[in-house]
Amino acid sequence: EIKIQLKNPFGTIEATSRLIVLDKPGPPEGPVEILETTSTVIELQWGAPKDDGGSPVTNYIIERQQLGQTVWKKMGDVAADKTTYRDRNVVHGKLYIYNIYAVNPEGTSDALQTEETMAGVLIFAGRPGAPKVVSASKTCINLKWEPPEDDGGIKIDGYQLEKRKKDTAQWIALNPVTEPIEVLEYAVKDVVEGAEYEFRVSAINVSGAGEFSLPSVMVTAKNPNMRPTFKDPEDFMVIRAGNSVRIKVLYEAEPPPEITWMKDNEPVSSFIQIINTEGCSQLVIPSTKRSDSGNYTIVAKNKVGEASFDIEVLVTDEPKPPGAVELEQIVHGKVIVSWEASPDQELDNRLYYMVAEHDSSTRMWHTVADRIFDNSYTANNIMPGREYHFKIYAKNDMGMSDPSMSPTWGINSNRIPINTNTPVEVSFEKPPSVLVPLKMHSPPKGFQMYMTCAIRGCPTPSVTWHLNNVCINGDSNYYITNSYGVCSMYILRVRPKDAGEYKVVAVNSFGKAECSTKLVVKD
């Protein structure tokens, strides 16, 4: 209100006027009253602004934000003559904040904000079943539990698990309430070996975490009583003589087992080093010699049981050359090449021979036979008028020897006198014989296994493999080959039913030979 006054000695006079400044209204009058809150509705009430900005309020705007989210959502408009609002789009147990704005023709007021308001009242789930110990080891304890019998009619979002160490009073949460365990089991890996723990669990819904269950039984973080088992050991090793050998075998057992090493069923020499650590045993020979070859057995034994495993060790070197080579012709076109054994033949059961040949027409050496397990070879297609030379090599896993040279066979060499009246007939035929027999094998279940032997005979024998006297040549579980008398059988993954007596039978028109061995499958 504006007033003007005029005054002189004869009197005064006044006049008044009003100045109205138009603006947006002030915020609605608070605090906001919650008239109703249920699982399905929240009703609000507020007061009109004290300052309408010089223009009547036309309406109110309602916004809402759910606690934990950042977005404000416009819920609707309310007429100016109504200062209440019912929000019917709520979720039981969720918390909400509301902003209320007053609007006139000049603009929108600042917000009147409510306190956090829950839809309905807190309803917590009942107690789950006490956690049960499924298994325990020194690094992990596996638990499971039953859900609450009473969930309060509200969906359970998950569970919170706590642990308590023996002789302490503090319960430690293994997961926050905001990250519930969504299944009825949990692997607790935050444990100390040898320590004892108990556990409890609570169910989480929109209202939060409910009452904790009864505690589990006390459980110790240690491996159970377990019989020894070996973990993927090697069953064959080839070492060059003079080098060191380290046989490393990993195992699992509880309590820790007593470890014993044997060589060919006898205690190992005191010169051999045995290094035992937790879960691992090592046999070390600093400098090997040929006599260190053999079958080494590790035996692990505790109060629960016993286990053993065999490792075949072959200490060898590049073989020495074969001895003197002799040539003999029995019939035309064929020469028998024979040689004295390499000095290493008796020391190395994997040693064999290779024959190379060249003649005067080519002067080029080429291999004519390999993997020969005896000490002779018959050279065919020997042509008259040419000179022939032969080289004999000894071979093993380490390499090949220097060659032993044959005398020259040719124009003036050891010819057979020809009697035109009486033909000479010499037979090379002979019954089968076993050059290298089968060996006993004892692989763990699930490992691969390779079994081999060497057979000779003329004509070439027919070879069949038998398991417990049943032929297995047609069984797809066994991969069987025969290459130049080397008969092999391979199993990709050994099964318990593969155990038994294996026999190789070689037959030709002059007789039969066989050899056998046993396969033991270890658990």
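Mentor: The C-alpha centres of domain 4 and domain 5 lie 28 Å apart, with domain bounds taken from an automatic or database domain assignment. This is a predicted model, in which local features need pLDDT of at least 70, side-chain atom pairs count only at pLDDT 80 or more, and totals for chains, interfaces and linings use all residues. Residues are numbered from 1 along each chain as its sequence is written, and side-chain values use heavy atoms, with hydrogens and water left out.

Trainee: What makes residues of domain 4 and domain 5 count as being in contact?

Mentor: Contact means heavy atoms within 4.5 Å. By that rule, four residues of domain 4 are in contact with seven residues of domain 5.

Trainee: How do you know what area is buried between domain 4 and domain 5?

Mentor: Buried area is the accessible area (1.4 Å probe) that two parts lose on being put together, summed over both. Here the value is about 530 Å², and carbon and sulfur atoms give 58% of this area. Asn-349, Phe-373 and Asp-374 supply 76% of what domain 4 buries against domain 5, more than any other three residues.

Trainee: Why is the pairing of Asp-374 and Arg-456 called a salt bridge?

Mentor: The term requires a side-chain nitrogen of Lys or Arg within 4 Å of a carboxyl oxygen of Asp or Glu. The N to O distance between these side chains is 2.4 Å, so the pair of Asp-374 and Arg-456 qualifies.

Trainee: Why is Lys-518 called exposed?

Mentor: Exposed means over 50% relative accessible area, buried under 20%, and partly exposed in between (1.4 Å probe, protein chains only). Lys-518 has 53% relative accessibility and therefore counts as exposed.
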